[in-house]
Amino acid sequence: MNSQQEADREEILDQSHFGNLSSHFSNRFHLFVGPSISRLYFGDQVLKDGEIVFHTHITMHTSDLAELRKLIDRLLENRDMSQG
């Protein structure tokens with residue numbers, strides 16, 4: 001593991017700066033990408049009738065969404081490297 005990967009791992013493990021945020025389980029997602037503003041919706045599929053209930057959405061500048069994508073890609077790549 002290189003020094004950047006180790007720093008990323010330490011930051012992920014240090015949850016103290018997130019305070020006491022609530023957490024929602026999500027297994028369904030919807031993304032709206034606009035020219036300047038984007039919205040990422042998080043939901044849960046209700047098993048009884050298959051209905052999807054969206055419980056949270058995050059609005060951000062589209063350039064920030066691109067940064068979020070890079071972060072997720074990097075985290076998944078690091079995970080794949082550590083498992084392989």
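Phe-29 is exposed, with a relative accessible area of 52%; here buried means under 20% relative accessible area, exposed over 50% and partly exposed in between (1.4 Å probe, protein chains only). The model is predicted: local features need pLDDT of at least 70, side-chain atom pairs count only at pLDDT 80 or more, and totals for chains, interfaces and linings use all residues. Residues are numbered from 1 along each chain as its sequence is written, and side-chain values use heavy atoms, with hydrogens and water left out.

A search of the whole structure finds two aromatic pairs. Rings of Phe, Tyr and Trp (its six-membered ring) pair if their centres lie within 6.5 Å; planes under 30 degrees apart count as stacked, over 60 as edge-to-face and the rest as tilted.

| Pair | Centre to centre | Angle of planes | Class |
|---|---|---|---|
| Phe-29 and Phe-42 | 5.8 Å | 85° | edge-to-face |
| Tyr-41 and Phe-54 | 6.4 Å | 75° | edge-to-face |

Phe-29 lies in strand S1 and Phe-42 in strand S2, 13 residues apart. Tyr-41 in strand S2 and Phe-54 in strand S3 are 13 residues apart in sequence, so their pair ties these parts together. Tyr-41 is partly exposed at 25% relative accessible area, and Phe-54 is partly exposed at 41%.

Strands (E, at least two residues) and helices (H or I, at least four) are DSSP runs, numbered from the N terminus. Two strands pair if DSSP finds at least two bridges between them. The open sheet has three strands in the order S1-S2-S3, with antiparallel pairing. Its edge strands, S1 (28–33) and S3 (52–61), each pair on one side only. Nine bridges join S2 (residues 37–45) to S3, and Gln-45 stands opposite Ile-52 in S3.
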